[in-house]
Amino acid sequence: MDEVVSKFPGTANATPVEEDLRNSGLSGSGQGSVLLIACGALAHEILALRDANCWTHLDLRCLPALLHNHPEKIAGAVREAVLAARADYAQIFVVYADCGTGGALDRVCADLGVARIAGPHCYAFFDGVDRFIARDEIDAFYLTDFLTRQFDAFVIRPLGLDRHPELRDAYFGHYRTLVYLAQTDDPSLDIKAREAAERLGLSFERRATGYGELASQLGDWAAASAANAD
């Protein structure tokens, strides 16, 4: 496979609004022969990779990122999205890790004959699945770029810590470190991630992962689907 560009470039496409990605997802453009059905938390990264590598045959449709607060709903939502789009695309790929579905998403993908990106969750494929598993960091709490930007919406408010900060240690007392897996080099996100660690009473570590195995997997799918179209 040709080397995949994994920088975050300027893009001609409108930047998705964070609140929309969190609550309602992202509609596909209807262009391209291949559809990626993904988590809204990955939209910025996927669009950046697509545009940087000129994968014009790839279309992107995102489900709401808030499904991560209800992982039991992810497999069913992906099934509905695949079935709704199947007639309009030559191929469909699922850009979700297992994400807490307990294997339910794999069963849906097998039933529908679609592939998904490997890994238990996005932290693993950003860091590298084998590397992540080998670390075995049971006392680490992870943030990505998206989760750093959406820290209050995904962590503080759902856990009620905005109303009851005294519950912090009950939720996070078994963690030692907040690990920020940075997809981009953004000093403002570094500050936000460090502030998040302080709010949770955790030490802080930043790892520059880039897009990790997301880049290589999308590159493989893009190349294979383009070859099939020839």
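Visitor: Why does Thr101 count as buried?

Guide: Buried means under 20% relative accessible area, exposed means over 50%, and partly exposed lies in between, for a 1.4 Å probe and protein chains only. Thr101 has 11% relative accessibility, and therefore counts as buried. This is a predicted model, in which local features need pLDDT of at least 70 and side-chain atom pairs count only at pLDDT 80 or more, while totals for chains, interfaces and linings use all residues. Residues are numbered from 1 along each chain as its sequence is written, and side-chain values use heavy atoms, with hydrogens and water left out.

Visitor: Where is Thr101 found, and with which residues is Thr101 in contact?

Guide: Thr101 is in the loop between strand 3 (91–95) and helix 4 (104–112); helices (H or I, at least four residues) and strands (E, at least two) are DSSP runs, numbered from the N terminus. Contact means heavy atoms within 4.5 Å. Neighbours within four places in sequence aside, Thr101 is in contact with Pro71 and Ile74. The C-alpha atoms of Thr101 and Glu72 are 5.7 Å apart, although 29 residues separate the two in sequence.

Visitor: What makes the pair formed by the side chain of Thr101 and the backbone nitrogen of Leu105 a polar contact?

Guide: A polar contact is a pair of N or O atoms within 3.5 Å; within protein, one must be able to donate a hydrogen and the other to accept it, and residues adjacent in sequence count only if both atoms are side-chain atoms. Here a polar atom of the Thr101 side chain lies 3.2 Å from the backbone nitrogen of Leu105.

Visitor: How do you know that strand 1 and strand 2 pair?

Guide: Two strands pair if DSSP finds at least two bridges between them. Strand 1 and strand 2 (residues 58–63) share 6 bridges in the parallel sense.

Visitor: What makes helix 2 mostly covered?

Guide: In helix 2 (residues 43–52), 8 of the 10 residues are buried, including Ala43, His44 and Glu45.

Visitor: What is the order of the open sheet that 3 strands form?

Guide: Its order is 5-6-7, with parallel pairing. Strand 5 (140–143) and strand 7 (203–208) stand at the edges, because each has a single partner strand. Strand 5 and strand 6 (residues 177–182) are joined by 4 bridges, and Tyr142 stands opposite Val179 in strand 6. Helix 10 (residues 187–200) lies across strand 5, strand 6 and strand 7.

Visitor: Why is Thr148 called buried?

Guide: Thr148 has a relative accessible area of 3%, and is therefore buried. This residue lies in helix 7. Not counting residues up to four places away in sequence, Thr148 touches Leu143, Tyr180, Leu189, Lys192 and Ala193.

Terms used: Axes fitted to C-alpha atoms, helices over the stretch in contact; angles between N-to-C directions.
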